[in-house]
Structure formats: C-alpha cells, structure tokens
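I open these notes to record what I looked up in this structure. The entries go from the whole chain to single residues.

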Amino acid sequence: MTQEALLDRLEAELRDLLEQVRTQLAKLPEESLKVRKTPESWNILECFAHLNAYTDHYMSHIERSIHKAKARKWKPADSFRSTWFGRYSVSYVDPANLVKKKKRKAPKRFNFWQQDLNTNEVKRFIISTEMLLRNIKLAREIDLNKPKIPLAQFKLLKMNLGDMFAFLVTHNRRHVLQALNIVEITR
C-alpha cells in the first residue's frame, strides 16, 4: 500500500467519525450521554474519556516523531510497510473482530467506568480528532515507516507512525460505534 493511500483512507475515516459524532452525539443532553446499555458497560461519556486518554498520551509522541522526521529529512516512501505487531494491534481493536471474542478490559489509566464525567469529553474528542487530522496531513511529508512510537502499556515495544495512525483511527471507530449503539437504546 502506498503511504498516500493509507493516509487518504485514515483521513476519510476520521472525517466520517467526526461527522457522526457532531450530528448524532455532540448535541445529546448529558443524561442521554450517561445511559448504559448494561449495568457493567461504559456509557458514551466513558467511551469518549477513554479515547481522549489514548489520544492525549500518543499525540505528543506523534508530533515529536513528525518533527524529528522532518529534521532528519525522511521524505515519503513509495510504500508503507505495516509491521506484524502493527497489524496485530489494529486487528485487536478493530470492531469487526470483536463479535466472537470476549470483552476486553481497558488498562486502569484508560478506564473511566463510573467516574463523574460531563459533556466536555465529547468536545475534547472533537478537538483531539481535529488535531489528529492535522498530524495526518503533516505526516504526508515524511516516511511513515521510520518514526517509532512507544506503546503506552509496554514502552519497550514500538509501532511505526503509520501503524500508530491506523491503530488510533481504528480504536476511535470502535468506541464511536459503541457510543452510537448506546444512542440506539435511548431512542
């Protein structure tokens, strides 16, 4: 796959997610955002707090890696090569792969279950997604294969920048779909 094709796909997915959040979730009253599908599941605000925590953690690493790549003059490669670990990580959070698997537990620092949250979480998600879109645009000028981003849970493991973008976009899609499913039960 070319870098351009990967970034085009990820940008289109993010724009679609932003549109869904803005039109179907951002204008909901706070009480609707706190509804749970089941007593032990996350509500919409908890989904967005989880996504915001991931984006907050990785955004500085992404921005730093793009800056370093530009300073080192790593020009865009002809093709993007996803690593086995990158493919595994993206597959792990892909909502299409969750149907038959048991529920996954988020790491403690990314789990906001039963915390007092408000509508600012949805606004923060929109802002951080727009920042991610800007970074995808900036990444079009560099080689996505070279910059490495350390993982939040296992700092010794690293993902290349292209895989990290794919992971974050797929992870966002997973939890936005989860939030949209919760909206369906409130109607």
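**Entry 1: Order of elements**

I read along the sequence of the protein chain and noted the pattern α-α-α-α-α-β-β-α. In total I recorded 6 helices and 2 strands. I note at the outset that the model is predicted.

**Entry 2: Overall dimensions**

I next asked what radius of gyration the protein chain has. I found 17 Å; a compact globule with 187 residues would be near 16 Å, so the value agrees with that expectation. Along the principal axes, I noted that the C-alpha atoms fill a box of roughly 50 × 30 × 25 Å.

**Entry 3: Burial, contacts and surface**

I looked up what share of the chain is buried and recorded 49% of the 187 residues. I then turned to contacts with a separation of 6 or more, and found that 85% of them join residues 24 or more positions apart. For the accessible surface I noted about 10,100 Å², with 55% of this area belonging to carbon and sulfur atoms.

**Entry 4: Charges**

I recorded 35 positive and 21 negative charges in the protein chain.

**Entry 5: Helix α5**

I located helix α5 at residues 120-139, a run of 20 residues. From its first C-alpha to its last I noted a reach of 28 Å, close to the 28 Å expected at 1.5 Å a residue. I also looked up which residues of α5 are buried.

**Entry 6: The loop between α3 and α4**

I asked where Trp74 lies, and placed it in the loop between α3 (44-71) and α4 (84-93). Leaving out residues up to four places away in sequence, I found that Trp74 touches Ala69, Glu141, Ile142, Asp143, Lys146 and Pro147. I also compared the position of Trp74 with that of Ile126: the two are 52 residues apart in sequence and 30 Å apart in space, C-alpha to C-alpha.

Is Lys73 buried or exposed? I recorded Lys73 as exposed, because its relative accessible area is 61% and the cut-off for exposed is over 50%. I noted that phi of Lys73 is near 60 degrees, a positive value in a residue other than glycine. Most residues other than glycine have a negative phi.

Terms used:
Residues are numbered from 1 along each chain as its sequence is written. This is a predicted model: local features need pLDDT of at least 70, side-chain atom pairs count only at pLDDT 80 or more; totals for chains, interfaces and linings use all residues. Side-chain values use heavy atoms; hydrogens and water are left out. Helices (H or I, at least four residues) and strands (E, at least two) are DSSP runs, numbered from the N terminus. The radius of gyration is taken over C-alpha atoms; the globule rule is 2.2 Å times the number of residues to the power 0.38. Buried means under 20% relative accessible area, exposed over 50%, partly exposed in between (1.4 Å probe, protein chains only). Contact means heavy atoms within 4.5 Å. Accessible areas come from the Shrake-Rupley method with a 1.4 Å probe; for residues, only the protein chains shown count as cover. Lys and Arg count as positive and Asp and Glu as negative; His and the chain ends are not counted. The place of a charge is taken as NZ of Lys, CZ of Arg, CG of Asp or CD of Glu. The expected span of a helix is 1.5 Å times one less than its number of residues.
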